[in-house]
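User: I would like to go through this model by question and answer. Please set out the terms as they come up.

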Amino acid sequence: MPAYELDLLLKYPMIMQRCTTKDEEYFGYIKIKGDHFKIRLTRNMKRFKLEMTEDLEKYEKDIKKLSKLSFMDPVEYLDKLTEILSAESPPHKETDDIIIDNTSIYRKVLREYTELRQFYFNIHKSFISKDLKTIDIVQLDEQMRQHSVKIDVNYSQYGKLFKIVECNLPLNEIDEDDSLIVLYEKFMNRVDCPKLQLMFDVLDEIDKSCWVIDPDRPTRRDVYRRIVLDRNLSMVITFNPNDIRHLPQIKFLGPHNAVKKYNEVVSRNFLNWNPNEDVLSELVKLLEIDNFPAKPEHSEEDELLVNDGECCICFSLRLNEQLPDVVCPNASCNQFFHSQCLYKWLRSLNSRKCFYEINGQCPNCEKVIHCSLPTSE
Amino acid sequence: MAGMSPSERRLQKELMSLMKEPPPGVSVDVDLAEQNLLQWIVHMEGVTGTLYEGESFQLQFKFTNKYPFDSPEVTFIGNNIPVHPHVYSNGHICLSILTDDWSPALSVQSVCLSIVSMLSSCKEKKRPSDNAFYVKTCSKNPKKTKWWYHDDSV
C-alpha cells in the first residue's frame, strides 16, 4: 500500500480512490471552512487534472496552474488545492451541523428491548422500528384477548426514556419510565386489573349475543355499544370502566313514541338494578324484553335504496364514522338523518337558527324538524 | 365503496338500485353512468293506456358534486321530445321538484316516477303556450329558469 494512502484517509476522509486500467481517480468531497467542495480528480503519472464544477469556477485560474505542476501523490495535490481554496474562500459563517451522538441511547434502548424479550419470553408479538424510535407490543391476557401498546423512545435527553403513546385500553393514562420492563409491567397490570377484565367479559358477551351496529369493529378501548332493539330502534349503552356493575348510561334512538315508551320502562325499573347479577340479564330485566334480537344473516341482495336506520339524505349508515342521530318527530315519517347532512340541508334553505339548534322542514315529510348544530362545524 | 365522497356513494347506490329494480318502463344506461357518475341517460317508455303509449323517450340527468343538496339537471334529449303542456320542445321540463321543491330525500327514482306520472296524466298532447318564446330566450340549463308553475292538474 503506497505511503500516501493512509495520509489521504486521515486528511481527506471523504475522498475515495478508484483505479481503472488507464488511470487513477479520486472523488468525493473536501471541506474547507464549513463549505463542502465536490472533487473529481484524475491522475496521469505525476499530473493531476481536476474536473471543474460551479463551486470551483472562482478559482479556475489557480487550478489551471496546478494542472501544469507535477505532484508526487494526490495528498500533495489536495494540500495545494486546500491552500488555494481557503485563501480565496470568504470567511464562512460557522454552520457546522451539530451532530448529536445518540449512540449511547441507542445502545441502552437495544439493551432494554433485548432484556424485555428475554425476561418476558412469552410476549405474543413485539416489534421495534428500524430507527429505534417506536416499540410495538401485543400481549394476551388470561382470556386470550389481545392487547396492544405502542411505546415511543424519547431521544431529547429530557424526561423519561420510554413513553406509552397508544394503547387499546379505556382510560388512557400517559405512562412513562426509564426502564422498558417497568413500563411494560405497568401496562400489563392495567390490563389484568379485575375491573377491566370484568368489563371485557361483559362487552365480549354483548358483542356475542346482541346485534351491535356501532362501533363497527369494537376495540378494547370502546366502552359503548349501540345495540338494535327493534326495526329502526336502537340504544347506546355507555359503561363506566371503573364501575361496570352499576347501571350504565343508556340512550335510545328511534321513533319518538318508541323512545318515550322505553324511557318510561327504564325509569320504572332502574331502581331494581342488581349490581351483583350478570350485567346482560339485568339489562334484559331493565328493558322488560325477552332477549336482545340477534344479528340477522346479512343478505346484500334485497338491499333497498334507503334501508332501516339509514340517513335519508346521504342514503348510507356511516358518514365519517357516525351513525344517523336525528329522527323526524313526525310519527308517520320517522326518517333518520345524520345531523351533519340535515344541518347542511337546512342551512342551505336559510332555515331559522336558534341558539344551538336549527329548525326547518323535514326533507321527507315537510313537517317541522329540529337539528342541533353538528360539533364539527 | 372506500375513497368515495358521500355524494358519489349515494349516486353509486342509486345507480345499483335503479339497475336492479327500475320503475316500470324505466331503464338506465349503466355503462354510460359508470363511466361518468355525474351524467346519466335514462330511457323511458310511454305507459300503455296513455297518450304516449308506444313512444320512447330519453332523459338526461346531470349531477354536481353537491348532489343531493343540489337538485339534478333533468332534460329530455334525443329526437323524440314528448309533446306535453309542461315539456318545452328543447327538452326542458317545468316540474317543481326539479328546482324549488327539490329535497335531498328525493332520488333519481322518484324524479323518474314523477315524470312518468306527469306524462301519464296528460289529456291533450300540446306544447306549452309560451314554447316559441321560451325556447328562443332560455338558458341552456333549465335550473337557471325562473319557473312559473302553471298548474298541478297535468
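Analyst: Two strands pair if DSSP finds at least two bridges between them. Helices (H or I, at least four residues) and strands (E, at least two) are DSSP runs, numbered from the N terminus. This is a predicted model, in which local features need pLDDT of at least 70, side-chain atom pairs count only at pLDDT 80 or more, and totals for chains, interfaces and linings use all residues. Residues are numbered from 1 along each chain as its sequence is written, while chains are lettered from A and ligands numbered from 1 in the order in which they are written.

User: In strand 12 of chain A, which residue is the bridge partner of A:Tyr224?
Analyst: Strand 11 (residues 224-230) and strand 12 (residues 233-238) of chain A pair in the antiparallel sense, over six bridges. For A:Tyr224, the partner in strand 12 of chain A is A:Thr238.

User: How is helix 7 of chain A oriented to helix 8 of chain A, roughly parallel or roughly perpendicular?
Analyst: Helix 7 (residues 256-269) and helix 8 (residues 279-287) of chain A pack with axes 8 Å apart, at about 115°. Angles of 65 to 115 degrees count as roughly perpendicular, under 35 as roughly parallel, over 145 as roughly antiparallel and the rest as oblique. Therefore helix 7 of chain A is, to helix 8 of chain A, roughly perpendicular.

User: Which residues of helix 8 of chain A meet helix 7 of chain A?
Analyst: Contact means C-beta atoms, placed from the backbone, within 7 Å. Helix 7 of chain A contributes A:Tyr262, A:Val265, A:Val266 and A:Asn269. From helix 8 of chain A come A:Lys285, A:Leu286 and A:Leu287.

User: How many of the ten residues of helix 9 of chain A are buried?
Analyst: A buried residue has 20 or more other C-beta atoms within 10 Å of its own; 12 or fewer is exposed, and in between is partly exposed. Among the buried residues of helix 9 of chain A are A:Cys341 and A:Trp345. Helix 9 (residues 339-348) of chain A is mostly covered, and its buried count is seven.

Note on methods
Axes are lines fitted to C-alpha atoms, for helices over the stretch in contact, and angles run from 0 to 180 degrees between N-to-C directions. Two residues are in contact if their C-beta atoms, placed from the backbone, lie within 7 Å.
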